[in-house]
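The sequence and structure come next.

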Amino acid sequence: IAMPVHTIGQHPDQRERAFLKQPGVFQNSKKKVKFNADYEPIKTKSLIKQAAEGPGGVKILKQAKLGHKRWYKDVGLGFGIPREAKMGSYIDKKCPFVGQSTIRGRILSGMVQNVKMNRTITVRRTYLLWRKKYKRYEKRHKNVVAHLSPCFRVRPGDRVTIGQCRPLSKTKRFAVLKVQAKRIRGDKKFEKF
């Protein structure tokens, strides 16, 4: 399958009727990016300074291969920035890495149960509850709806770490921060996170 050719300054992930762009990033620059045979950028005055300071002291990465600037931020709390968030071309205003939402509050982990919604997943959190009368633990679970940024690829059964943010919709108050691929096991067992 051939990849589509994009001109400098265009984003390939324009799926909405309105033009999607990152706030604070000027995309109508008249300077052209020059390339050599190995697709390495030739150092011009515009490329000498690779990292500029954006709003709030956050880095703006000038991407020579795609020919447009990319704004991203570190969410903190020891979570790394995914490579797709740095080098990708998607636009998502609810993404904690390239959007306007901030992570604060609770950090939870669970198992992905449903991925059928658009940029939304359902995370199943299992826990044990002590029943005093029977002197035993009872298995319980809660489902949490979380925003899935396009920089992650998940399937049902993967373990994810989600962080609390502002309300993104009627039921969404969390965003995915880290994904661990599903481990293959012989039989289905109850897992406590």
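What percentage of the 193 residues in the chain do buried residues make up? The share is 35%. The model is a predicted one, and every value below is computed from it.

## Overall make-up

Two helices and eight strands are assigned in the chain. Along the sequence they occur in the order α-β-β-β-α-β-β-β-β-β.

The accessible surface is about 13,500 Å², and carbon and sulfur atoms account for 53% of that area. If contacts between residues at least 6 apart in sequence are considered, 51% of them join residues at least 24 apart.

## Nonpolar core

The largest nonpolar core has 27 residues, and those touching the most other members are Phe-97, Val-98, Ile-121, Ala-146, Val-160, Ile-162 and Val-176. At least two core residues come from each of β4 (107-117), β5, β6, β7 and β8 (174-180). Strand β8 gives the largest share, with four residues. In soluble globular proteins, nonpolar side chains tend to be buried together.

Leaving aside residues up to four places away in sequence, Val-176 touches Pro-96, Phe-97, Ile-121, Ala-146, His-147, Leu-148, Phe-152, Val-160, Thr-161 and Ile-162.

Val-154 lies in the loop that runs between β6 (136-147) and β7 (159-164). Its relative accessibility is 14%, so Val-154 counts as buried. Beyond residues up to four places away in sequence, Val-154 is in contact with Val-115, Ile-121, Leu-148, Val-160 and Val-179.

Thr-122 belongs to strand β5 (residues 120-131). Thr-122 is classed as buried because its relative accessibility is 12%, under the 20% cut-off. With residues up to four places away in sequence excluded, the contacts of Thr-122 are Met-111, Val-112, Gln-113, Asn-114, Met-117, Asn-143 and Val-144.

## Salt bridges

How many salt bridges does the count come to? The count is three.

One of them pairs Arg-119 with Asp-92, with 3.4 Å between the closest N and O atoms. This pair links distant parts of the chain, 27 residues apart: Arg-119 is in the loop between β4 and β5, and Asp-92 is in the loop between α2 (83-87) and β4. Asp-92 has 6% relative accessibility and therefore counts as buried, whereas Arg-119, at 29%, counts as partly exposed.

Glu-138 forms a salt bridge with Arg-131, where the closest N and O atoms are 3.2 Å apart. Glu-138 also forms a salt bridge with Arg-140, where the closest N and O atoms are 2.9 Å apart. Through shared partners, Arg-131, Glu-138 and Arg-140 are joined into one network. The relative accessible area of Glu-138 is 26%, so Glu-138 is partly exposed. Arg-131 is partly exposed at 35% relative accessibility, and Arg-140 is partly exposed at 34%.

Lys-172 sits in the loop between β7 and β8.

Notes: Residues numbered from 1 in each chain as written. Predicted model: local features only at pLDDT ≥ 70, side-chain atom pairs only at ≥ 80, totals over all residues. Heavy atoms only, no water. Buried < 20%, exposed > 50% of the residue type's maximum accessible area, 1.4 Å probe, protein only. Contact = heavy atoms within 4.5 Å. Core = buried A, V, L, I, M, F, W, Y, C linked by side-chain atoms within 4.5 Å. Areas by Shrake-Rupley, 256 points an atom, 1.4 Å probe, with all protein chains shown as cover. Salt bridge = Lys/Arg side-chain N within 4 Å of Asp/Glu carboxyl O.
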